[in-house]
Amino acid sequence: MATDVAAANRVAVCDGLQMARDLATVDYIGDQTFWTPANLDYRGRVYFIPHFNFQRSDYIRALFQFAEGEPLTSEGLYWLKVHVANCGDFDKVSKKPFDERVKWVDDNMQRIRCMMIDPKEDLWWTEADSPFLFLAACHALVSPETECHIPVSFDGTCSGLQHLAAMTRCEDTAKLVNLVKVDKPGDVYLTVAELAERLIKADLANDELRNVAQVCLKNGITRSLVKRNVMTYSYSSGKFGMRQQHLDDTMAPLAFKVLEGKLENHPYSIEGEATPGYFASKYLAEKIHMAIEMVVRRPAEAMHFLQSCARATAHEGKPLVWHTPLGLPVVLRYPEYVSKQVTLFLHDRGVKIRSDVRMQEETKGIDKIRASNAVAPGFVHSMDACHLMEVVRRCNTEGIHSVALVHDSFGCLPNRATKFREIIKEAFVWLYDRDVLADIRAETLEQVQTNGHRVDNLPDYGSYNPNEIMEADYAFA
C-alpha cells in the first residue's frame, strides 16, 4: 500500500512540474508567431523536435492556433460545429452522422454560451472527451473575433486497420473502418467488444474460468475497454502487450481510486492475486485478441506474411529494406547482441567497492524474433507516414498551407475542410493504387540469396476497391 501511495505521489509531482514548464513556455512565446521544426524517424513518421508541440496531450494541443486565420464562411461554421461535437463527444455524438453532430451543437448552443461566460465556474467542459480542445473549439464558436485560427481535425478510424484493409482489399474490414460509403459510421471497436462479450459469456459454463468471466462481465465489456487493444493490434500488439494495456489503463486507475477512498474495493479483484486486476487483465487480453483475429482475418494474414519477409532476411544476417511509394527507403535492422558481465572496482581512501555490470556488444547477426515482431508495425507506419507526406504535398499544391498533423489526424482551417477532406482521400487512393505487399515481397526476394523459400506467398485478397473511399464520408471524420 505504501508503495502505491508513493507512486501516486510521484506521478502528481511530475505532472505538476511538467505543467509548470509548459506554462512557462506559453508565457515566453506569448502571441508571437513560431514554428515547430520536425524530423522523420526511420519509417518516415513525422515527429516534432521541441517538447512543446501539437502532438502532445489535450491541454497542450488546445493551445495551438494557426498564425493565419480566416473569417468563417457558412461552410467553415458547419465544420467548426462538427469539430466541437467531436471534441466533446457527449453521448458518443462523434460516432453519429455529421448533420447530427451539427444539430447537437445547435441544440446545446445556449449552454455553450453560458459556459464560455465563466468556464472556471461552469465546469461542464471538463466532462468532455477532450476537455481543453472542446473548450478552445467552443471559444472559437462563440468568439466575436472576425477570424478563426483553430484547426479542425479529421481522424482516421483505427488507422492501422484502415491501411491493412486497403492493402489486402478486405471488404469486411473496410466497412468496419469506414473506407466505404455508409449511412452511419462503422465501429470496429464496438464490433470487437460485442464478440468478446459473447466469448466471455461462453466461459460461464467453464468451472475454471467462471469466476473471472463473471467479474469481467459485471464490469462490462465496452468499446472503450477494447479500443486500445484493437488500435495496437495492427502494430503487432499481442496478448502480453494487451494484458499490460489493461493493467495500465483500467486496473491502475481503479487502484488509485481505492487509495483515494473513492472505491471500497477494486472492482476486478479476484481472491489469491497479488496485484488487483492481474487475472482479469490476462483473461481479457486473451479473449479480446481472439475476437480481433476473428473480426479482421485478412489483416491478420497480411501481418503474418510481413513477418515471413523479416525472418527470411534475418536468416542471412541482413536487415529488411523496403521503399515507400514516395521512394523513402526504410531499413528494419535489429542486431543481435552478446552479453558479458564485467566486474568494476572503485578505490576510495582504502575502501574497495565492487560493482558487477552487464555489457552488451553488437554482433553481425539479426535478431529474428525482434525483427519479426517489428516488421508489421514498421510497414504499416511507413504507409501512414507516406500518406501524410502525400497529403501535405497535395495541400501545398492546392494552396492550403496551414495544416496540423498527428500521424492519422489531419487538421486545417474550418473554411478549407471540404477540399482538405477530399485531398486526404485522394492521397489514400494514390497510395493503394498499387499492390504494396507485392512490392515488399519483390524487394525481399531481391535481398535474399538462399532463403527465398522462407518468404510466404501473398495473402488472399478481397474485393475492396480503394477508389471506394472517395464516396466514404466517415473514413476521416
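Here is a short walk through some ring contacts and a surface patch in this structure. Keep in mind that the model is predicted, so local features need pLDDT of at least 70 and side-chain atom pairs count only at pLDDT 80 or more, while totals for chains, interfaces and linings use all residues. Residues are numbered from 1 along each chain as its sequence is written, and side-chain values use heavy atoms, with hydrogens and water left out.

Let's start with the rings. The structure holds 19 aromatic pairs, meaning rings of Phe, Tyr and Trp (its six-membered ring) with centres within 6.5 Å. Take Phe90 and Phe134: their ring centres are 5.5 Å apart and their planes sit at 70 degrees, so this pair is edge-to-face (planes over 60 degrees apart; under 30 is stacked, the rest tilted). Phe90 is in the loop between helix 3 (74-88) and helix 4 (98-107), and Phe134 is in helix 6 (residues 131-142), so the pair ties together parts that are 44 residues apart in sequence. Helices here are DSSP runs (H or I, at least four residues), numbered from the N terminus, and strands are E runs of at least two. Phe90 is buried at 11% relative accessible area, and Phe134 is buried at 0%; buried means under 20%, exposed over 50%, and partly exposed in between (1.4 Å probe, protein chains only).

Rings also gather in a group: Tyr78, Trp79, Phe98, Phe154 and Tyr474 form one aromatic cluster.

Arg61 lies over the face of Phe54, 5.3 Å from the ring centre, and the charged end of Arg434 sits over the ring of Trp430, 4.9 Å from its centre. That takes NZ of Lys or CZ of Arg within 6 Å of the ring centre and within 35 degrees of the ring normal.
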